[in-house]
Every structure is written in structure tokens, then in C-alpha cells.
Amino acid sequence: MNNQVQHKGTEKDIELIIGNSNSNFSGVTSTMLQLLSTQQKLINLRVMGKHHLPDESLNITFWQVVKLCKQPLADGRVRIFHARRVDEMIQALLLKHLFRAKIKIVFSSAAQRHRSGFTLWLTDRMDALLAMCKASASYLHRKPDAIIYHGVKTDVYIPPEDKEAAWQALNILPKSIKKGKKGIAILGRVREQKGVHLFVRSCIELLDKYPDYTAVVVGSISASNENFVKGLQVEIDKAGLSERIVFAGEQNFADIPKIFSALSLVVALSDNEGFGLTILEAMSSQAAVLASEAGAWPEVVREGVDGYVVPVNDLPAVVEKMDLLLSDQEKLTQMGINGRERVLEHYSVQREAKQLVNFFRSLMN
């Protein structure tokens, strides 16, 4: 059978149901979508919820799952329901216990927080638990059945032939601003929890020392964070750096890979993260990285090899490591090369998809 079109087969052959309950585009949504195109080449699947799907023919409704899963597969195996959210666990349990669906439920968690009693009750009723890194495994109240790290599309997040040329070609800044030779950035929703203030204040302290660099904040600014951004803009203007530290706003999702590709250094300074794909996307794009001790970042980033990891909300540490990174262009470039090699070896989406499908099939008999 042609695996590329396997998901177009008959409904009765579907092996995997993937939860997709949140209409908001979140980090969980992003990881699911990045994985989907690779995973569907390996297993016949449908997605319960049409939110953000690139191919709506993959969508299956709750009631279609009820009908489909009244019987096991033709060879006697049961189907897998993959839940990533609390409400998806609830949906799966309703399917299994109220509607007698022949499924096994797998819950995967990237969260690094202690859960409520109700969530613990739900996870106790899962057939299997997955953690996405060692840190998230430590927050589960029972040992996960496996740890499977997230991956990124290494054929989408790719290095350019020339970083400086890619930076010059990037059209995310006002035309009136002279870009400088190189770019550094923080990407994501613009708010304090993401450490944007640490990035901006570090750049204020350092950029006079490094005239070749322009710093960019890429991401949407919600109404509730407008005053936060205005306060930072006042600090930038006071330092005379309004053309060197720029809020670029939200960018088209399709343009994000070329933004990563043009950057020499990517900074991610969240107080907390689930997994945090930003750092992997940056490394895959051959950018050096500076990350906080959040998400999976301490497990991914090799200190002094791909970049550095600093304590959460520690401005002096951010300034120190950013200064160290920008002071040695040759080493900064080599860190980007090292990061790309690390992602290719350990953090590709192809590896993640294969490990997940192998795990699911081990449960299906």
C-alpha cells in the first residue's frame, strides 16, 4: 500500500484517533500539526476536531468515532486515542466507558506543573502515559510508560547559505530602519512570562558594544500586554536604541522558518514552558541559542556547544551569557552548526513520529 495516501483508505481501517479539542492555536496545536504530516505516512489516522487542520478530510467527529469504534479492527486489534489535553482525556473516557468504544487511551504530557485532583483522577484511567522530556515526567504522579521527545521539521527549519544575506533579505522591519549586519531575536507571544523584558534590557546594556547586531521581538501583543510593551519602549527610547531594538509584531506563520533561518542568535527566556519548540526550531535553522531553565531546554541545549542555559528570571545571567555569545562571532557560528547537527541526530519530527507509532502499535494487540 502507498503509505503517503494510506489515510485516504476505508474508515474501518483507521488505527489512530488524535484529539484536537482547542480552537486556539497553542503550542500543543503546533506540535500536533508538525507531527501530523509525517505520522500519517506511518499509520492510518484521523483527527477529532477540525481546528487548524491543513487537510479537512482528516477530520472525524465524536459521533463518527462512536460508530467506528464499536468494533475493533478486522484483525482484532483495538484503536488508539491520543489525548494531549484534559478535555481530550474526558472525551476519550466517554467514548470508552459510556459508548463502549474499543480503544486504548494514551495521554502525553509536556507540562511542568503539579496537577489538580481531577486531572490526577483522569490520568489514572489512561491506558498509557507518555512524557515529552525528563522534566515533564517528574511532574507525573506515576511513572510514564515512555519518554518521547518532540521533534521539528528539519526540512522546513533549515540553515541559509549565508546568514547575513538572509538577514538582509528579511522583510519584518520598517524600511526606515537600517538592519545592521546580523539579527538576534526572541519569538512568541509578547508578555512578561516569556521573558521579553529580560531580552530587551540585556540588549539595552549590550548593543552599543556590538554595532553589527539588531534585536527583534517577534510576536503578537495582546491588549492586556500593551502597557508592558509601552514601558519597555520607553526604556529603549531613553537608551537611544529605538532603531536597534524593534517590536516586529505578529508574523505570518508560514514566514516563521525563514525568520529563524536569518537569525544568528535566538533567545527564549520563559518562566515556564511545556516543552518549548522554539529552541529546537532555532537550532535546526543553525542559530545559536540562549534559553532559560524552562521546558525541555536544559535537556536539549549543550552548555557552550549549542548555546547556554540560564536560571529563570535572572537578568545578570542573561546579560553575561549574551555578551559571551556576541563577543566571539566564530564561536557563535560554530554553535549554530553544532545545534543543527544535534537536531538532525536526536530531535527530528521523523524520529518522534516513528517512536510514537511504534509505541501505539505495541498497545494495540
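This is a predicted model: local features need pLDDT of at least 70, side-chain atom pairs count only at pLDDT 80 or more; totals for chains, interfaces and linings use all residues.
Residues are numbered from 1 along each chain as its sequence is written, and side-chain values use heavy atoms, without hydrogens or water. Local features need pLDDT of at least 70 and side-chain atom pairs pLDDT 80 or more, while totals for chains, interfaces and linings use all residues.

**View 1. A nonpolar surface patch of V86, F118 and W121.** Together the three residues have about 290 Å² of accessible area (Shrake-Rupley method, 1.4 Å probe, with only the protein chains shown as cover for residues). Nonpolar patches join Val, Leu, Ile, Met, Phe, Trp or Tyr side chains within 5 Å, each residue having over 30% relative accessible area and no salt bridge (a Lys or Arg side-chain nitrogen within 4 Å of an Asp or Glu carboxyl oxygen). V86 is part of helix α3, residues 86–98 (helices are DSSP runs of H or I, at least four residues, numbered from the N terminus). V86 counts as partly exposed because its relative accessibility is 34% (buried is under 20%, exposed over 50%, partly exposed in between, with a 1.4 Å probe and protein chains only).

**View 2. R361 in helix α14.** This helix covers residues 349–364. With 31% relative accessibility, R361 is also classed as partly exposed. R361 and V78 are 283 residues apart in sequence, and their C-alpha atoms are 9.5 Å apart in space.

How values were computed:
Patches are made of residues with over 30% relative accessible area and no salt bridge: like charges are joined within 9 Å, nonpolar side chains (Val, Leu, Ile, Met, Phe, Trp, Tyr) within 5 Å. Helices (H or I, at least four residues) and strands (E, at least two) are DSSP runs, numbered from the N terminus.
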